Amino acid sequence: MTAASGGGSAWTWVPSALGAPDEGVAFLRFDQPDSPVNLLSEATLSELALRLDEAATGEHRAVVVTSGKEESFIAGADVDAILAVDSVREGVRASALGQDVLRRLSTLGIPTVAAIHGACVGGGAELACWCDGRVASTSDRTRIGFPEVRLGIVPGFGGTQTLPGLVGLPQAIGLATTGRLLGPRAARRIGLVDSVVHVDHLLAEAARRARELERSPSRSRRRFVHLPGVRAAVTAVARRRVLARAGGRYPAPLEAVRLCRLALEVEPARGLAEEARALGRLLQSPTARGLLHVFDLTRTAKRGGSPPPPDSLVGVLGAGVMGAGIAGIAVAKGHRARVKDVQAEALGPAARTAARAIQRGLRQAWDRDVATRRALSRLSFTLRPEGFQRADLVVEAVVERLDVKHAVLREVEAAVGDACLLATNTSSLSVGELAACLEHPERFVGLHFFNPVPRMPLVEVVPGPATSEDTVRRAAGWAIALGKHPVVVADAPGFLVNRLLMPYLAEAFELLEGGAGVAEVDAAAEAFGMPMGPFRLLDEVGLDVARHVSETFAAAFPTRFRTSDVLARLVDGGRLGRKTRRGLYRHGRGAARPDHGLGRSRGRIRDGEIRDRLFLRMADEAVRCLAEGTCRSADDIDLATVMGMGFPPFRGGLWRHVKTEGPRELRARLEGLAERHGERFRPCAAWPEG
Amino acid sequence: MTPAGGRKKTARRRSTPAKGSVREAVVVGGCRTPFGRAGGVLEPLAAHDLGRLAMVEALARCAVDPGEVDHVVMGCAGMPSDAANPARVAALLGGLPQRVPAYTVQRNCASGMEAVAQAELLIRSGRADVVLCGGMESMSRYPAEFPRSFRLKVASLLRAKTPWARLGVLAGFRPADLRPEWGLQKGLSDPSCGLNMGETAEVLARELGISREEQDAFALRSHERAVAASDRLAEEIVPVPVADTGRVLGRDDAVRPEQSLEQLARLRPAFDRRHGSVTAGNACGITDGACALVVAERGWAERHAARRRGAPQPLARVAAWSVAGVDPRRMGLGPARALPMALAEASWSLADVDLLEINEAFAAQVLAVLRVLEEGDLLQRHAGLPEALGAVDPSRLNVNGGAIALGHPVGVSGARLVLTLALEMRRRGVARGAATLCVGGGQGMAVLLEAP
């Protein structure tokens with residue numbers, strides 16, 4: 001090979017492991033030292049440039065790019081480096097550097113092929129797109145995609161310029177605007193990779209593809225959708241879809257649409273320059289900063305915790321929608337689950353709920369049907385207490401009544417082994433009180449999943465007074481193993497997420513009683529960036545549940561909470577929300593409409609005031625939580641609000657929002673509201689000064 | 001010298017009983033799915049899915065780890081075409097370790113009982129301590145086939161080289177070529193004698209003079225007993241949720257609580273429309289289901305019960321078993337020959353048997369067996385049937401109802417009879433029980449159980 005590589009280098013030429021037939025194909029392996037994954041940074045990119053210079057000397061007939069990491073190809077650009085970029089010009093420069101280096105993969109004069117096994121995302125996927133060919137492994141870890149928009153930016157190493165030519169404009173826009181990651185099956189279907197083989201044959205397949213490209217270079221296909229008129233229509237539809245989804249608060253997807261279209265209309269140099277400029281600009285936007293902050297938090301949350309052994313048994317008590325969801329994600333992640341209920345009738349719907357969670361979890365798997373069947377068969381249902389002996393974790397998700405839960409927990413403690421972790425999915429009872437019935441409360445912990453379990457990425461880990469540190473670590477490890485972000489919170493009413501939601505929902509009823517309309521309040525919250533307004537959320541949760549929680553809060557914090565008369569009246573009238581098809585809205589076919597007779601707007605409250613009243617009470621509650629130690633840090637508030645209640649991610653979470661707006665200013669506004677609307681707005685003493 | 005911990009545990013040592021004694025097999029426990037009417041709630045599940053559910057639950061109820069099982073033997077009469085060895089497929093899906101071998105047995109209606117017999121053999125011979133055995137059947141999923149003529153024509157179409165030749169073959173296709181042949185229908189017919197199972201029951205009814213009224217009364221009794229026993233039967237059942245549909249089967253759904261003699265009398269004969277007496281009402285129903293039992297070496301089971309938290313005491317010892325051949329045209333008489341053989345092996349008399357389960361393939365067939373047991377071979381046609389053994393006390397026979405009410409998933413019933421019998425013996429605290437069934441093709445099989 002051309003050059004012997006130095007000790008610390010990331011990119012090395014490796015001799016072919018394939019033997020004679022592949023002579024002339026050079027394998028360029030990326031194996032970043034001292035890092036669990038390969039990242040594209042200024043250092044690794046410039047080293048790649050040197051290697052590509054060597055490749056251009058004419059000795060080789062083709063280059064295959066491969067990874068030295070076991071389970072990943074290239075995990076993208078270095079997010080820490082992205083976070084450190086502090087000016088538009090710096091961003092443009094970094095982007096252009098990456099473009100220049102990676103672009104050479106397509107201008108070497110010899111075929112280049114990316115051999116993808118494991119994560120190939122962001123900058124990694126862009127590198128692959130610059131190659132002449134791409135082959136991928138069937139592994140479940142193989143994922144290809146462009147998640148940059150989730151960080152508020154666009155692909156900056158030429159991804160938006162190469163992708164449309166490879167997969168066509170509609171698919172390119174779809175990938176770039178959603179950040180969706182594709183498994184090998186989907187990647188092959190849309191033409192993002194040329195072929196998919198088992199990892200054992202990956203290098204041989206890459207070499208074969210390289211020789212094939214040597215004989216007949218792939219030419220970009222003519223596509224109907226790339227005709228000028230069609231192209232314009234496609235982009236218009238995509239823009240409208242993006243706007244409908246994000247309401248215009250996220251600039252990055254719109255930029256992605258524009259850039260993808262540009263790739264078909266201007267010469268490459270100009271397209272790339274536009275891309276670099278867009279990246280530089282977006283990177284400095286508050287949206288990107290908020291999203292990057294959230295990303296940083298999720299990275300931290302995924303570390304820590306002691307992971308459960310593989311193929312563990314998870315016991316689930318209660319075959320409701322929560323229990324079935326937990327069982328479903330557990331088996332989809334390779335564990336076994338056993339669900340117990342007292343009623344046979346509950347098991348059928350539970351099996352269906354779990355099966356949906358499994359299908360969702362395995363939809364990108366290469367052998368999807370077999371994987372789904374195997375996952376389903378790791379799930380068993382029972383009405384009896386046997387079969388939990390070997391469980392590593394048992395989660396209780398039965399009806400929210402202390403006596404029932406005590407009985408269930410006592411029964412299960414007698415049925416499990418000594419090392420089994422016991423958890424409750426309660427949302428309204430105290431973990432400490434629940435633990436009182438147990439002989440070994442040190443292994444008992446709250447593990448609060450959110451509904452719907454397969455979709456909601458947050459789990460609150462709630463230690464009771466007797467819970468051991470080891471139990472908390474194991475519970476967090478389980479949350480991570482099930483694909484969730486754990487956040488440790490104190491055993492206080494509502495824990496963290498519901499505690500913060502409560503003033504927000506309570507204030508929504510105050511607004512309603514004060515003359516605002518249902519739709520008006522929801523619209524104000526949605527304009528702020530919430531995925532759904534408070535009343536829509538209440539209808540989904542169920543008003544009976546809301547009333548129960550509200551009464552708990554009114555008892556715990558009598559000065560600040562009361563149960564709204566409107567809520568009580570609705571529940572008494574049997575209007576419980578979506579499940580009874582009538583709540584604050586009427587749910588029928590089509591869109592839900594506000595129910596008649598309920599708070600038709602009398603137009604007395606300004607939009608800005610609705611927003612302040614909803615979110616400032618939430619902010620004040622967050623200040624209290626932090627002061628009382630309900631959560632460990634302000635970062636936890638951000639993580640929990642974004643992941644647990646859908647607080648607008650572009651604001652970076654509730655606490656970051658407070659910081660951005662200025663605590664002094666918000667506090668003053670709260671004082672003002674307290675003067676006009678009552679003591680519930682009076683800010684607590686713990687408000688920060690800065 | 002090998003360090004103490006260095007020895008690899010490659011083969012597990014079988015527990016050896018004290019010198020001179022025999023390794024005995026005991027039923028530790030078991031469980032079954034409800035039996036569901038074919039084409040009903042259980043239709044989405046293949047035989048091996050049902051088997052998997054019963055197996056997982058049987059192990060759980062016996063507090064046996066999957067890794068403790070030495071062998072898996074499951075009966076299945078109608079093999080699923082997508083699982084050549086359904087016992088192995090069910091075992092792997094059920095989380096049994098890959099090193100645990102599995103085989104499927106087919107002795108037609110006795111397949112599930114044959115699995116129990118195989119377990120006893122494996123244990124007695126010292127080849128296994130713990131065997132997971134039973135039966136599984138999805139009669140809903142029996143295939144429908146194209147006629148042979150269709151297959152031949154398709155084959156020649158594929159061989160035809162020129163368009164003209166192809167056209168010629170195509171012209172030879174007839175609508176009749178597309179008429180499906182039902183695996184269920186074919187499976188319930190005996191090609192050696194040309195009779196289907198119902199027709200063999202008609203033979204017995206005719207020859208032994210068993211009236212329609214007797215048959216209907218017996219059928220009604222089966223339903224009544226099954227209804228009365230529904231809480232007891234629930235103890236042996238694990239409910240089956242079906243993920244595809246969100247439905248659940250918690251009870252045997254072929255049992256008719258409202259059955260009356262008048263309704264039974266109104267049914268038309270199913271096999272001999274003009275002169276017959278066997279109807280859908282006094283024959284067993286077509287159902288899906290599975291049953292699994294943990295059968296273990298007695299010493300192993302006793303130690304297991306003593307050491308493992310939640311482990312049950314063994315239910316019953318397998319005292320003897322037998323299989324016998326009879327005239328295929330009178331296959332229903334199989335128990336009349338197999339039961340005496342088993343009793344002789346155990347040196348029991350019929351009067352020693354406290355509880356008797358005779359599978360109710362047809363009311364006429366059970367009544368025929370009872371008559372032959374009581375009076376000997378009336379017509380002297382079946383050289384080899386033993387002398388009269390005595391009358392069976394109806395209060396000891398099929399006390400929780402039988403296949404006429406519950407249904408007869410062919411490969412499962414043999415295992416279900418053993419499970420139901422063992423549990424009822426424990427409930428009543430009686431010492432001896434027998435389960436026996438007739439087998440399509442002219443066989444009979446019996447298993448004797450004794451309190452451990």
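Which side chains meet in a salt bridge at 3.0 Å, N to O? They are those of B:Asp65 and A:Arg390, a salt bridge being a side-chain nitrogen of Lys or Arg within 4 Å of a carboxyl oxygen of Asp or Glu. Across the interface of chain B and chain A the rule finds two salt bridges.

The model is predicted, so local features need pLDDT of at least 70 and side-chain atom pairs count only at pLDDT 80 or more, while totals for chains, interfaces and linings use all residues. Residues are numbered from 1 along each chain as its sequence is written, chains are lettered from A in the order in which they are written, and side-chain values use heavy atoms, with hydrogens and water left out.

In the interface, 28 residues of chain A are in contact with 21 residues of chain B (heavy atoms within 4.5 Å). The two chains bury about 1900 Å² between them, 54% of it on carbon and sulfur atoms; this is the accessible area (1.4 Å probe) lost on putting the parts together, summed over both. On the chain B side, B:Leu93, B:Ala243 and B:Arg309 lose the most area, together 28% of what that side buries.

The cores are a separate matter. A nonpolar core is a set of buried (under 20% relative accessible area, 1.4 Å probe, protein chains only) Ala, Val, Leu, Ile, Met, Phe, Trp, Tyr and Cys residues joined through side-chain atoms within 4.5 Å. The largest has 86 residues, and among those touching the most other members are A:Leu500, A:Tyr504 and A:Phe535. A second, separate core of 73 residues includes A:Trp11 and A:Ile82.

Technical notes:
Buried means under 20% relative accessible area, exposed over 50%, partly exposed in between (1.4 Å probe, protein chains only).
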